[in-house]
Every structure is written in structure tokens, then in C-alpha cells.
Amino acid sequence: MKISKIKMYVCAVLVLPVIAVMAAGADLKELTGRLSSKDPAERRSAAASLGDIDSKDSAMQLIKALDDQDFLVRMAAVDSLRKLNYPESVDALCRVLEKDKNSQVRHNSVLALQQLKDPKSIPSLIKALNDPDKGVRYQAPVALGVLRADAAVDELNILIKDPDKNMSEQAIRGLGRIKNPKSIPFIEEALFDTEKGVQIAAADALSKMNSRNSISKIRILLKNSDSTVRLVAGEALAFMQDTDGLEVGLDLLGHKDVNIRRRAISLIGSTGDRSHIHILKRYEKDEELKNMVDISVERIKNRHPEQKKD
């Protein structure tokens, strides 16, 4: 009996993958046929379903669907190519980004190229920084940051001063991921922008770049009137092993926003010493804060081991 069960198990292991491949082949044939349907809804459904069949043939069919007259079919094809992550689709997605008339399709093509991370897409993504649609423009710096696109640094440096503050913020965040030292003076200047989102992005980017020469400028934000700006400045300094943000953390423990309080506790955990443990423990009965208190106390203990008495 046991031998029979083993044989059945072995047969299942060997046969099931074959059946799965056969089924996928049948599905691919059916879905390919549906891509030629006169009904746009049928074509959209087929394009979406092809993203669940992980094969080069599926990707090739989706590339053809990028020329469909219905923008929703094209968008479904772009999204499926993003799921499949096949490098063969990069050129076609770049063409869509540069030439498709629908902004949603272009926006989703940026997301797909961001997922694929192919350097070949960088020139098209740089062009997208000037796309007529805001959504496309805002996403392009993110994608360029993911690709660590040094070729985009000059363009992004200029965009830090864009009249659209959302664009400024996205440019800074992209530069923070690229980490090219050429950007540091431009980002430092953004620390003193009138828009808090830009200030926050600048402090965060400089910390990600580990720009220790920027510490003195980031410290100025510790006196900012906005609590979130002060908190981010403290976090940025802590990331670079500077403890000057400790007082900000202590000050924000009483903030009305629980997320601010949680981050304040984390900041104290990064910058405080054993004398601050008893302050943190006051909040350990708060269910929303308890986990962060425990983590922060442990970080302090690890950073400041208790001295053994002789």
C-alpha cells in the first residue's frame, strides 16, 4: 500500500507540471484569439488575463496589443507587461511613453519601465519629465531614481526650482535615490524652500545620500515652526549618526497625532541614552505605541550597554 501511494505521488509530481503547461498553452491560444475580438471589453479582458501567463509568447501578444485603438486595452496590455517583467517589452513601452495619446497609458508605462529597471528606458523617462500630463511628470523622477539614472541629474537639478512644488518634491526624491554628489548644493538650497513638502523631501534626500557636510544646514530645520519638518530633520540627522534631533523627539511625545508620537519615540530610540528609557516606558501601556517603545528601548540598550560594576 505504501509503495502504491509513493508511485501515485511521483506520478502526480511528474504529470501535474505537464498538465499546467498544456493548460497555459491552451489559455494563451484562446486569449490571443480574444485580442482580435470586435468587442473592446473582450479585448481588455484578454489583455489583462495574459499577464497571468508567464511566457515570452504572452509578452509578444501584449506588445501587439499596445497598438489597439481602445486606450483601455492598451492600458491593460501595459499593466500585464509590467507584471510579466520581460526585458523584450522595454522598447515597446518606451515607444508608448513617448507617443501614446492617452495620459493614463503613458503614466502606466512609466510604472512598467520603473519595474523593469532597464537602462535603455532612461532617455524616454527623461523626456517624460516634460510630459504635458502632471501624473506622468510626477512619476518620471521616481522611475529615474529607481534606475539610478545619472544621465538625468542635470534635468532633475533644474526641476528642483520648478514652479510646481509637487514636481520639485518628486525631483528631489528621485535625486535622493540616484545619490550623485552634483545634486547636493541644489538639494541643500531646497531645505529653505517655502513649501514644507519640499523641505521634507530635501532633508530626507540628503540623509539618504549620507551628506554629512549638510548636517549643519539640516540642523536649522530643527527650529522650524512645522512639527513634521522638525521631526524629519531629526530623523535625517539620526540616520547620519547625529543626535541633535533628540530634543525634537522629546518635545513631540505629546503631539495629538499618534503617528507623530510613534516616530518621536523611534527618534528617541535612535538618539537617546539610558537616561531616556524611563521616559519611553511611560508610553508602554498605550497599545498604539507599545511596540515602538519596546523596539526603541532595545535600540538604546544595544547602543549603550550597561556598565558592569567591579
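Arg 137 sits in helix H8 (residues 134-146); helices here are DSSP runs of H or I with at least four residues, numbered from the N terminus. The structure is a predicted model, in which local features need pLDDT of at least 70 and side-chain atom pairs count only at pLDDT 80 or more, while totals for chains, interfaces and linings use all residues. Residues are numbered from 1 along each chain as its sequence is written, and side-chain values use heavy atoms, with hydrogens and water left out.

Buried means under 20% relative accessible area, exposed means over 50%, and partly exposed is in between (1.4 Å probe, protein chains only). A salt bridge, in turn, is a side-chain nitrogen of Lys or Arg within 4 Å of a carboxyl oxygen of Asp or Glu. On charges, Lys and Arg count as positive and Asp and Glu as negative, with His and the chain ends not counted. Setting aside residues up to four places away in sequence, Arg 137 touches Ala 128, Leu 129, Asn 130, Asp 131, Pro 132, Asp 164 and Met 167. Contact here means heavy atoms within 4.5 Å.

Salt bridges do turn up elsewhere: the structure holds 25 of them. One joins the side chains of Glu 30 and Arg 34, at 3.7 Å from N to O. These two residues are 4 apart in helix H1, so about one helical turn separates them. Glu 30 counts as partly exposed because its relative accessibility is 46%. Asp 294 and Lys 290 also pair up, with 3.0 Å between N and O. Again the two are 4 residues apart, this time in helix H18 (residues 290-303), so they are separated by about one helical turn. Asp 294 is partly exposed at 34% relative accessibility, and Lys 290 is partly exposed at 33%. Salt bridges with shared partners also tie Glu 169, Arg 173, Asp 204 and Lys 208 into one network. Another pair is Lys 281 and Glu 284, whose closest N and O atoms are 3.8 Å apart. Lys 281 has a relative accessible area of 37%, so it is partly exposed, and Glu 284 is partly exposed with 29%.

On the surface, Lys 117, Arg 148, Arg 177 and Lys 179 gather in a patch of positive charge. Patches are made of residues with over 30% relative accessible area and no salt bridge; like charges are joined within 9 Å, and nonpolar side chains (Val, Leu, Ile, Met, Phe, Trp, Tyr) within 5 Å. The place of a charge is taken as NZ of Lys, CZ of Arg, CG of Asp or CD of Glu, and accessible areas come from the Shrake-Rupley method with a 1.4 Å probe, only the protein chains shown counting as cover for residues.

Lys 117 is in the loop between helix H6 (103-116) and helix H7 (122-127), and its 53% relative accessibility makes it exposed. Though Lys 117 is not a glycine, it has a positive phi of about 55 degrees. Lys 179 is in the loop between helix H10 (165-178) and helix H11 (184-190). Phi of Lys 179 is also a positive value in a residue other than glycine, near 65 degrees. At 40% relative accessibility, Lys 179 counts as partly exposed.

Back in helix H1 (residues 2-34) there is Lys 29, which is exposed, with a relative accessible area of 69%. Its C-alpha atom is 9.5 Å from that of Ser 58, 29 residues apart along the chain. Ser 58 shows up again beside Leu 84: leaving aside neighbours within four places in sequence, Leu 84 is in contact with Leu 50, Gly 51, Ile 53, Asp 54, Ser 58, Ala 59 and Leu 62. Leu 84 is found in helix H4 (residues 71-84) and counts as buried at 9% relative accessibility. Between the C-alpha atoms of Leu 84 and Asp 52, 32 residues apart along the chain, the separation is 7.7 Å.

Finally, Phe 239 belongs to helix H14 (residues 227-239). Not counting residues up to four places away in sequence, Phe 239 touches Ser 207 and Lys 208.
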